[in-house]
Amino acid sequence: MAFSFSFSPSTPTIPALLFTLSLLLSFLTTPASSATFNCSAATTCQSLIDYVPANTTTLNDIKTLFNISHLRTLLGANNNLPLSTAPTQNVTASQKILIPFKCLCSNGTGVSNKRPQYIVKPGDDLDHIATVVFSRLVKYQEIAAVNKIPNPSLIKIGQKLWIPLPCSCDEVNGERVVHYGHVVEAGSSVEAIATRYGTDQETLLRINGIADPKTLQANQVLDVPLKACSSSVLNNSLDAPLLVSNNTYVFTANNCVKCQCSSASNWTLQCEPSTVNSTGCPAMQCQGSSQLFLGNTTTSGCDQTTCTYAGYTNKTNVLTTLTTQSTCAAPPNNASRMGLQGSSWSFLFAAIHLALLLLHVLQ
């Protein structure tokens, strides 16, 4: 079969043809790893996603790339990295870093809420931005769609592009969770991922629309629901629902409050006044107590009363409430055992008495 080609004013330019060819080659040689997460909730929420850089970078560079306002937000999402962590700390190639971002549901799917915004640089094309810069968390077609780019080969240096990261705000099995975009590692399985993150294989298969677990691919982005710590945050709070997953911390109430989740704390959100905002924060004395402030605890007998965070309504109004729980172990079943033993003795006494009565009658 022979092909002929001639240039005309309407013929695509050589760079455009080369870009199209590169897209075709990447489509044929690179496994698709981006995903579409179901999302029908009528709200926004905080989500997480793995970022695996192609080259060594720094925490500060990652913060900038994903438009994260403060380094502490990035640190809190990554196994409680201390606030003293240097922004210049290296992140090696292929090292996973969790990216926190706000999720928005639209038309049944979830995407990052207009962030991050990426500025096109010399030599960029949409495929390079999707596969290299953002490590295949999205496809170039998705970037083109949300930015209303009719011709993916025509982008300009300095142009701002919204990168639509996959996410969700939906409840899972009737519970509010933190949806985590997990980048699948080579050799992993749905069952292993479910076990690692405290869920089950059936749930992962269902929410990801996977019929056969054997079809799981390395670098695929999987929607993994993470259990969130329970809290006393009110539904009318500006940060509701405040969902914080295990081994992470967040700053809220205009950075006046730090809240941390740990399974070791019985999956109960632990909040205290933060140290990052030294001015403009209220005293946070607990309502109903003249002595307790946010995070303080007092014990009386078996009862432990804590001043817990309940949300905020404006810059000067942080809500608190008193919560009480018992710290004493449940009483042993000695009483019931004694009752059972007492019943046995009563039965034995009655049996002996009846036997003696029968002997007396027979005589």
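Which residues have the most contacts inside the largest nonpolar core? I get F66, I99, L126, I129 and I163, in a core of 42 residues. I took a core as buried Ala, Val, Leu, Ile, Met, Phe, Trp, Tyr and Cys residues joined through side-chain atoms within 4.5 Å, with buried meaning under 20% relative accessible area (1.4 Å probe, protein chains only).

Housekeeping: this is a predicted model, where local features need pLDDT of at least 70, side-chain atom pairs count only at pLDDT 80 or more, and totals for chains, interfaces and linings use all residues. Residues are numbered from 1 along each chain as its sequence is written, and side-chain values use heavy atoms, with hydrogens and water left out.

I then checked I129: beyond four places in sequence, it touches Y118, V120, D124, F134, I143, I155, L161 and I163 (contact: heavy atoms within 4.5 Å). There is also a second, separate core of 19 residues, with L48, V184, V190 and L205 among them.

Next, the largest pocket: I read a volume of about 1100 Å³, the space filled by probe spheres set on grid points joined across faces, edges and corners. A pocket here is an open set of points on a 1 Å grid where a 1.4 Å probe fits, with protein on both sides within 12 Å along at least five of seven lines; lining residues have an atom within 4 Å of a point. Of 39 lining residues, Q46, T73, K102, V250 and F251 lie nearest the centre.

Last, T203: it counts as buried because its relative accessibility is 1%. I find T203 in contact with V172, N173 and P225, leaving aside neighbours within four places in sequence.

Definitions and conventions. Buried < 20%, exposed > 50% of the residue type's maximum accessible area, 1.4 Å probe, protein only.
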